[in-house]
Amino acid sequence: MYHILVVDDESRIRNIIRKYAEFEGHTVTEAGDGMEAVCLCRRESFDLIIMDIMMPELDGFSACREIRKIAGTPIIMLSARGEEYDRINGFEVGVDDYVVKPFSPKELMLRVDAVMKRVNRPVSATAPRVTNEVVELDNGGLRADLTARIVYVEGERVDMSPKEYDLFFYMLANRNIALTRERLISEVWGYDFFGDARTLDTHIKLLRKSLGPYARYIVTLRGVGYRFEEN
């Protein structure tokens, strides 16, 4: 089982998460604010972090940025707000999943298992099924080095989050194919579809932003999903 760091300024929330996590066999360490969480991560390692956004001393986004400087520990962010801005900000700083309060403790534990399953998947299970190591579109205007996981737009290297890379390379490997939301979440995130497509849609928005003028290749299929469409 996993050693989980639960970070929230509300002891009631920490107690609920601890109760369900320990019932599942996990070990739990608690922190009351972001500053304490960063200090704990500097002293010991955790398998996963569940962290609130709105906290004293250091908010969840700032704490995530600091933790990412020293560890790649998976992070599930909790928030009382469901605005898209929060989700985008969270994913940009390296959050792996996002749960809006009030939440179901049972679903949170399912998400813990799902994130850890994805993290522990063999590389071959998520690698794009392609034969070319480098893909170039628009006479090299968009260039993807699949082996090195590097993307160039108009000759400039683009920095993406790990999940943006995974999503982009999967869509690139399956270009001109209609990809349902369920399939993208299952293949790229590695867990069953929860009925909430906002995580996928947010990452699509981030990916389009990263691709700049080549965002046009990602076509929205209303009511279905997306397709990476070569012109």
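Which side chains does a polar contact of 3.3 Å join? Select D96 and R68: their side chains are the pair. A polar contact is a pair of N or O atoms within 3.5 Å; within protein, one must be able to donate a hydrogen and the other to accept it, and residues adjacent in sequence count only if both atoms are side-chain atoms.

Before you go on, note that this is a predicted model, where local features need pLDDT of at least 70, side-chain atom pairs count only at pLDDT 80 or more, and totals for chains, interfaces and linings use all residues. Residues are numbered from 1 along each chain as its sequence is written, and side-chain values use heavy atoms, leaving out hydrogens and water.

**Stop 1: around D96**

Stay on D96, in the loop between α4 (84-92) and β5 (97-100). Helices (H or I, at least four residues) and strands (E, at least two) are DSSP runs, numbered from the N terminus. With a relative accessible area of 17%, D96 is buried (under 20%, using a 1.4 Å probe and protein chains only).

**Stop 2: helix α3**

Now select residues 60-68, helix α3, and colour its buried residues: G60, F61, A63, C64 and I67. Looking down the axis of α3, you will find them within an arc of 160°, so they line one face of the helix. That arc is taken from the directions from the helix axis to the C-beta atoms. At the start of α3, find D59: one of its side-chain oxygens comes to within 2.9 Å of the backbone nitrogen of F61.

How values were computed:
Buried < 20%, exposed > 50% of the residue type's maximum accessible area, 1.4 Å probe, protein only.
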